[in-house]
Each structure stands twice: as C-alpha cells, then as structure tokens.
Amino acid sequence: MREVMTKSMARNIFYGGSLFFIIIFLGLSAHSHFYITGTSTNHDAIDESIANGKHVWEDKACINCHTILGEGAYYAPEVGNVMTRWGVLDDPDAAFETLKAWMESMPTGIEGRRQMPQFNLTDKEIRDLANFLIWTDKIDAQDWPPNDAG
C-alpha cells in the first residue's frame, strides 16, 4: 500500500463506507419494522376501544407524568405493566372497575404525596383506557419494565 492516500482513494473509501453504512441502516430499519409489526405487538388485536383508549392517553397527556414501556416522564409510576401488577390482566371488567376506582379516588389530598389530577372521565373513556393498558401490558417488551413495581 502506498504511504500517501490520493484524493481518489479517499473518495472511494468515503463513498464505499457511506454506502456500506446506509445498507446496514436500511437493513436494521427493515428488521425493526418487521419485528415490531410481526412479533413485538399484537397488531391484529387492536380494535376501536383500544384506539380510543390511546386517544384518551394522548388527549389527557398521561405521558407527561407516567411512563409507558419506558417512554415518558418519571414523575408517576410506569403503566406498561399496571394491569399485571393489579392482577386484572385477563379480566377486562375487573380492569375497568379497578382503574375507575383508582382514578375517581384521585387526588387523595394526602399532604406531601404526589397527586394525580381528577380528569372526570366518562365510563366509556375509562373502559377504553383500561383496554389500551391491557393491550399494552400484553406487548412483548423483552422483560421491560425490569421489575414488577414498574
């Protein structure tokens, strides 16, 4: 090999390296897409109630306080596995009742404790949110969160 790199050699290394990493990037992006749509989430289980629950989640800006699957703020607990923690993952009616009771008891008024605002959601909104959280809890999150406490 020569001691000095010519302009054409540098250009070839640049273009070759760029092409190599673009191909790697596109391959990993395609792999991520197919993993998420085919393995990680149960896309076929999404119905109107789950979509409406996600809309409630976004409309009330729950992510400003809670995390879901590690995304969001860390002021309030992780809710990606909340239905498992409450023991109602396989019972949508119990999940609705539990979530409704929790949300209607907020804020508790306990001095010095973080308080959740009262959103005054309708029963339909609470049921939709419960269904969204059940669906989220069933996602293959590769053992996230790392503990049951969220």
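Residues are numbered from 1 along each chain as its sequence is written, and side-chain values use heavy atoms, with hydrogens and water left out. Because the model is predicted, local features need pLDDT of at least 70 and side-chain atom pairs count only at pLDDT 80 or more, whereas totals for chains, interfaces and linings use all residues.

Helix 2 spans residues 48–59 and helix 5 spans residues 123–137. Helices here are DSSP runs of H or I with at least four residues, strands are runs of E with at least two, and both are numbered from the N terminus. The two helices pack at an angle of about 100°, and their axes lie 7 Å apart. Axes are lines fitted to C-alpha atoms, for helices over the stretch in contact, and angles run from 0 to 180 degrees between N-to-C directions. Helix 2 is therefore roughly perpendicular to helix 5. That term covers 65 to 115 degrees; angles under 35 degrees count as roughly parallel, over 145 as roughly antiparallel, and the rest as oblique.

On the helix 2 side, the contact is formed by S49, I50, N52, G53, K54, V56 and W57. Their partners in helix 5 are K124, E125, R127, D128, L129, N131, F132 and W135. Contact means heavy atoms within 4.5 Å. The residues of this contact comprise six nonpolar, four polar and five charged. In this grouping, Ala, Val, Leu, Ile, Met, Phe, Trp, Tyr, Cys and Pro are nonpolar, Asp, Glu, Lys and Arg are charged, and the others, Gly among them, are polar.

S49 belongs to helix 2. S49 counts as buried because its relative accessibility is 16%. Buried means under 20% relative accessible area, exposed means over 50%, and partly exposed lies in between (1.4 Å probe, protein chains only). With neighbours within four places in sequence left aside, S49 is in contact with R127, D128 and N131. The side chains of S49 and N131 also make a polar contact of 2.7 Å. A polar contact is a pair of N or O atoms within 3.5 Å; within protein, one must be able to donate a hydrogen and the other to accept it, and residues adjacent in sequence count only if both atoms are side-chain atoms.

F96 lies in helix 4. F96 has a relative accessible area of 5% and is therefore buried. Residues up to four places away in sequence aside, F96 touches D123, I126, R127 and A130.

The count of disulfides is zero. A disulfide is a covalent bond between the sulfur atoms of two cysteines. The criterion applied is a pair of cysteine sulfur atoms within 2.5 Å. C62 is in no disulfide, and its nearest cysteine sulfur, that of C65, is 8.4 Å away. C65 is likewise in no disulfide, with the sulfur of C62 as its nearest at 8.4 Å. C62 is buried, at a relative accessible area of 13%. C65 counts as partly exposed, at 29%.

N81 sits in the loop between strand 2 (71–72) and helix 3 (82–86). At 9% relative accessibility, N81 counts as buried. The side chains of N81 and R85 are joined by a polar contact of 2.5 Å.

Two cis peptide bonds were examined. The bond from M106 to P107 is cis, with omega near -15°. P107 is in the loop between helix 4 (92–104) and helix 5. The bond from W144 to P145 is also cis, with omega near 0°. P145 is in the segment after helix 5.

Positive phi values were examined next. N120, a residue other than glycine, has phi near 50°. N120 is in the loop between helix 4 and helix 5, and is exposed at a relative accessible area of 61%. Q142 is not a glycine either, yet has a positive phi of about 55°. Q142 falls in the segment after helix 5 and is exposed, at 56%.

I139 is also in the segment after helix 5. I139 counts as buried, at 13% relative accessibility. Residues up to four places away in sequence aside, I139 touches S40, T41 and L69. The C-alpha atoms of I139 and A10 are separated by 47 Å, and the two residues are 129 residues apart along the chain.
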